[in-house]
Amino acid sequence: MQRMFETLDDVRNDLKRQLVRAAKDRRHAMHTPCVVTSDVDARTMVLREFDGDAWTLRFHTDNRAPKVAAIEADPRMAVLLYDKGAKIQVRLRGTGRIVREGEVVDRAWASSINFAKRCYLGEGPGAASEEPTSGLPAEFEGVEPTDEQVVPARPNFAVLLFDIAEADWLYLAHTGHQRAQFVRSSDQWESSWISP
């Protein structure tokens, strides 16, 4: 299906719809974007939620992960999303915030299954090992823990909120690519078409 984007509002509205879908649908191409921290380290993360009013992405992270210290030292970040089927690449720039307590974290923890929560029971990310390891305690290898067993994992769980400040959108089309940029100033967006 050939897509055409006639206006910058069309682009921004489509981007908003895609981010909402990507967070809800694990099969969506943009569900696992590349997240880059200011220390020039990149990793694939699962997009958990998109707040279309605040233009904020939510990810989950281990509080002990090196990226947490990097974000707290310098919150500048980038997120790269690509949908091969839709022929759309989106590059986002903004700032990250690590949230350890409060409603957003409690809600995220409560909505996670115990199989996912068990990841926060073991050694922290980057811990050295003499042999290949999942980092999980042996009793939880391939086993879903009970509600009681995941209680000690909660202090290691945190939420990464990424506040979008800029979006660079590229649509690849055989008739000619289209590219648009969006820059946030307060609650307003300045937008422009630019050459791909």
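Predicted model: local features only at pLDDT ≥ 70, side-chain atom pairs only at ≥ 80, totals over all residues.
Local features are described only at pLDDT of at least 70 and side-chain atom pairs only at pLDDT 80 or more, while totals for chains, interfaces and linings use all residues. Residues are numbered from 1 along each chain as its sequence is written, and side-chain values use heavy atoms, with hydrogens and water left out.

**View 1. Asp 14 and Arg 17 pair up within helix α1.** A search of the whole structure turns up 13 salt bridges (a side-chain nitrogen of Lys or Arg within 4 Å of a carboxyl oxygen of Asp or Glu). Here is one of them: Asp 14 with Arg 17, whose closest N and O atoms are 3.6 Å apart. The two sit three residues apart in helix α1 (residues 8-24), so about one helical turn separates them. Helices (H or I, at least four residues) and strands (E, at least two) are DSSP runs, numbered from the N terminus. Asp 14 is buried at 6% relative accessibility, whereas Arg 17 is partly exposed at 49%. (Buried is under 20% relative accessible area, exposed over 50%, partly exposed in between, with a 1.4 Å probe and protein chains only.)

**View 2. Glu 166 meets Arg 93 in a salt bridge.** The N to O distance is 3.9 Å. This pair links distant parts of the chain, with Glu 166 in strand β7 (residues 157-171) and Arg 93 in strand β6 (residues 88-99), 73 residues apart. Glu 166 comes out as partly exposed, at 34% relative accessibility.

**View 3. Asp 106 and Arg 154 tie a helix to a loop.** Their closest N and O atoms are 3.5 Å apart, forming a salt bridge. Asp 106 belongs to helix α3 (residues 103-111) and Arg 154 to the loop between α4 (114-117) and β7, so the bridge joins parts 48 residues apart in sequence. Asp 106 is partly exposed at 43%, but Arg 154 is buried at 15%. Elsewhere, salt bridges with shared partners join Glu 49, Arg 58 and Arg 107 into one network.

**View 4. His 60 is buried in strand β4.** The strand covers residues 56-62, and His 60 has 11% relative accessibility. Its side chain makes a polar contact with that of Arg 58, at 2.6 Å. (A polar contact is a pair of N or O atoms within 3.5 Å; within protein, one must be able to donate a hydrogen and the other to accept it, and residues adjacent in sequence count only if both atoms are side-chain atoms.) Leaving aside residues up to four places away in sequence, His 60 touches several others, including Met 45, Tyr 120 and Phe 157 (contact means heavy atoms within 4.5 Å).
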